[in-house]
Amino acid sequence: TVDGEKYRIFELEDAVLIPQKAEEVKCKEVVVELVTGIPTGRRDVWGQPELRNIKHVLTKRVPTINVKPLPAGAPASFTGAVGQYNFEVSLSRNELEADESATLTIKISGSGNAKLVDLPTVSIPDDLETYDPKYSESFKMGGRGYKGYKKEEYLIIPRYKGEYKIPSITFSYFDLETEKYVTQRSEPLELVVLSGPENKSNTSISSTSKSSVQKNDIELLNEDILFIKTNDLKVEKEQQPFTSSKVYNMLLYIGIAGLILPWFVFGANSQLQKRGVFKKNTSAEKRIKQELALAKKANAAGDTTEMLHKLDLATLLLVQAVSGLNAASVEKELAKKELASKGIEQGLINELLKVWEQIEFARFAPLNAKDADDLIEQTQTITDKLLKA
């Protein structure tokens, strides 16, 4: 209530902005078209005031946004993370046998531009067999940006007995609360393989030593260069490509027919429906009744906004089902002509348009409980009449 006048507030859009660079962002105008029902001084057969719709166009320019640059002195490990974060690095187990597995997890959690933050890389000794990490994330949008986490899980399988060290990992971000850069470092991790074959090619195993054994090494015993095998050779006739076979052509024709035939069938069905050969769509009738039921439920719960939304949707679906118009073409004057061309009585058409206008007006004006009940009853009555027509 402002200066004794009551207003209703509608939130049209809510957005979180995450700038990518320092600049002045000039936004466009927002244009909103509203419809207001103005009383004409007359009343309809139910005693409700008749209204005349007036369109209003409101414009407002979004304020210019000044994006400040990040301060100088960013650490080398800073990759653009802004907000507040926690950094975790852990091993699922520190002791295991050769050919068993352990999982190395790197996780960043917090709020800010988290979805745009890259996880830091990890240096794993070459003697440990590793695979591409399993990536996962979970975020929710809030008033301060994305909130959640992202993590990578590395599967590690040692092949040799020994002690392996995974060095510390560093992650940096810019804290919006303190307006300073924050650097977090994980503790070095140690993986102990209790039993297994000795690594003969690399007796000293540590994070700083360079391993001469790689994954899937190939050992050649007694021979450095092997001779090309020349005997017992078998020559086979080159097989005809599958794309040149009769089976391929047959499958191709069947596939094309499967794509084209439904188009002809459903296209012809649509044309016959337009000409009145088929009956009205029963699924549309079912949807209308569902929306009316939801409107009654919302009214019983005291949710007037949801009730009016469902009544408006039910009325729109009713006009489409009876007139044959699509959603983009539904407009009162055009609907009036189409309904008349379908042989609908003029009295029913006028009754439908009045109910439609009352629903639109009620969405922009206060509505008491009795008026809400009457509006639902009127919508139900005209729906029953038109579906039987």
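A pocket, as I use the word here, is an open set of grid points with protein on both sides within 12 Å along at least five of seven lines. I am working from a predicted model.

**Entry: second largest pocket.** I looked up its volume and found about 880 Å³. I counted 30 lining residues, with Ile18, Pro19, Val67, Val82 and Leu176 closest to the centre. Strand 4 (65–66) and strand 5 (78–91) are the elements that give two or more residues to this lining. Strand 5 gives the most, with four residues. I sorted the lining of the second largest pocket by class and got 17 nonpolar, eight polar and five charged residues.

**Entry: largest pocket.** I noted a volume of about 1,100 Å³ for the largest pocket. Its lining has 34 residues, and Leu12, Val32, Glu33, Leu34 and Phe364 lie nearest the centre. Two or more residues each come from strand 2 (29–43), strand 3 (49–61), helix 3 (304–323) and helix 5. Strand 3 gives the most, with six residues. By class, I recorded 18 nonpolar, three polar and 13 charged residues in the lining of the largest pocket.

**Entry: helix 5 and helix 6.** I turned next to helix 5 (residues 346–362) and helix 6 (residues 369–388). Their axes come within 10 Å and cross at roughly 150°. I noted the crossing of helix 5 and helix 6 as left-handed. On the helix 5 side, the contact includes Leu348, Leu352, Val355 and Ile359. On the helix 6 side, Leu375, Ile382 and Leu386 are among the contact residues. I listed eight nonpolar, four polar and two charged residues in the contact of helix 5 with helix 6.

Key: Residues numbered from 1 in each chain as written. Predicted model: local features only at pLDDT ≥ 70, side-chain atom pairs only at ≥ 80, totals over all residues. Heavy atoms only, no water. Axes fitted to C-alpha atoms, helices over the stretch in contact; angles between N-to-C directions. Left-handed = near helix turned anticlockwise from the far one by under 90°. Contact = heavy atoms within 4.5 Å. Nonpolar A, V, L, I, M, F, W, Y, C, P; charged D, E, K, R; others polar. 1 Å grid on protein atoms, 1.4 Å probe; cavity = no way out; pocket = protein on both sides within 12 Å on 5 of 7 lines; lining within 4 Å. Points joined across faces, edges and corners; volume = space filled by probe spheres on them.
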